[in-house]
Amino acid sequence: MIIKENNFWKTSKLQHLIYKIILIILFTSSISHAELVKPNDGIEPFLVVQIQLRSLKQNDNPKKDNGIEQTWEFAHPSNQKNTGPLDRFKTMIKGKSYMMLLNHLDHKVVKIKSDDLTALFEVTVLDKDKVYYKFKWAVEKYIKDGPLKDCWLTTMVSSPMPLGSSI
C-alpha cells in the first residue's frame with residue numbers, strides 16, 4: 001500500500017511539473033507571436049482610434065514598435081501613401097511632432113462629429129513627462145472595393161497642441 005501511494009505522489013508531482021512547463025510554453029509563444037488587429041467592417045470609428053492609442057501607449061509590447069505597426073494597420077491607404085512606407089512612418093511617429101504618443105500615460109477620446117463616411121475626434125494625451133497634448137483625429141470609411149471596403153481608417157492626425165503640465 002505504501003509503495004502505491006508513494007508512486008501516486010511521484011506521478012502527481014511529475015504531472016504538475018509537465019502542466020507548468022506546457023503553460024509556460026503556451027504563454028510565451030502566444031506573447032511573442034501576438035498578431036496585429038486587422039481592419040474589418042465591424043470596427044466602429046471610436047474603436048479604431050482606441051486601438052491605435054492603446055497600442056501606442058504600449059508601443060514596445062509585445063515587441064519593439066508593435067504599437068506603431070498596429071497604428072499603421074488602421075491608416076487609410078491615402079495616409080499610408082503620404083506617410084509611408086512603414087519605416088518612414090516609424091521615423092515620423094518617433095520624431096518631435098508625434099513622439100508624445102509613444103508610451104504615453106493616459107488618453108481621452110471625444111467624438112466631435114460623425115456621419116456615414118467620416119468621424120472626427122478630439123484626443124487628449126498625457127505623455128510620459130506628464131504634459132498634456134490635444135490632437136484632432138479623423139477617420140473615414142473606405143468605400144473602394146477590396147479587402148478594406150467599409151473599414152474605418154485614419155486619414156489624418158493633426159499636429160499636437162500642447163496644453164501644459166499636469167503638475
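Trainee: Which residue in strand 4 does Val139 stand opposite?

Mentor: In this predicted model, Val139 stands opposite Thr154 in strand 4.

Trainee: What makes strand 3 and strand 4 a pair?

Mentor: A pair requires at least two bridges between the strands. Five bridges join strand 3 to strand 4, residues 152-157, and the two run antiparallel; the count of five meets the requirement of at least two, so they are called paired.

Trainee: Why is strand 5 also called a partner of strand 3?

Mentor: Strand 5, residues 161-165, is joined to strand 3 by four bridges, again in an antiparallel arrangement. Within strand 5, Gly164 is the residue opposite Tyr132.

Trainee: How many bridges join strand 2 to strand 3?

Mentor: Nine bridges link strand 2 (residues 118-126) with strand 3 (residues 131-141), and these strands run antiparallel. Leu120 stands opposite Ala138 of strand 3. The two strands form a hairpin with four residues between them. In that turn, Lys130 has a positive phi of about 65°.

Trainee: Why is Asp65 called buried?

Mentor: The relative accessible area of Asp65 is 5%. Buried means under 20%, and 5% lies under that cut-off; therefore Asp65 is buried. Asp65 belongs to the loop between helix 2 and helix 3, and its phi is near 65°, a positive value in a residue other than glycine.

Trainee: Why is Asn103 called partly exposed?

Mentor: Asn103 has a relative accessible area of 30%. Buried would require under 20% and exposed over 50%; 30% lies in between, so Asn103 is partly exposed. Its position is the loop between helix 5 and strand 1 (106-114).

Trainee: What makes the phi of Asn103 worth noting?

Mentor: Phi of Asn103 is positive, about 55°, although this residue is not a glycine. Most residues other than glycine have a negative phi.

Trainee: Where is the cis peptide bond that involves Pro62?

Mentor: The bond from Asn61 to Pro62 is cis, with omega near 10°. Pro62 lies in the loop between helix 2 (45-57) and helix 3 (66-73).

Trainee: What is the omega of the cis peptide bond that joins Gly84 and Pro85?

Mentor: For the cis bond joining Gly84 and Pro85, omega is about 5°. Pro85 is located in the loop between helix 4 (77-83) and helix 5 (86-94). As background, most peptide bonds are trans.

Methods
Residues are numbered from 1 along each chain as its sequence is written. This is a predicted model: local features need pLDDT of at least 70, side-chain atom pairs count only at pLDDT 80 or more; totals for chains, interfaces and linings use all residues. Side-chain values use heavy atoms; hydrogens and water are left out. Buried means under 20% relative accessible area, exposed over 50%, partly exposed in between (1.4 Å probe, protein chains only).
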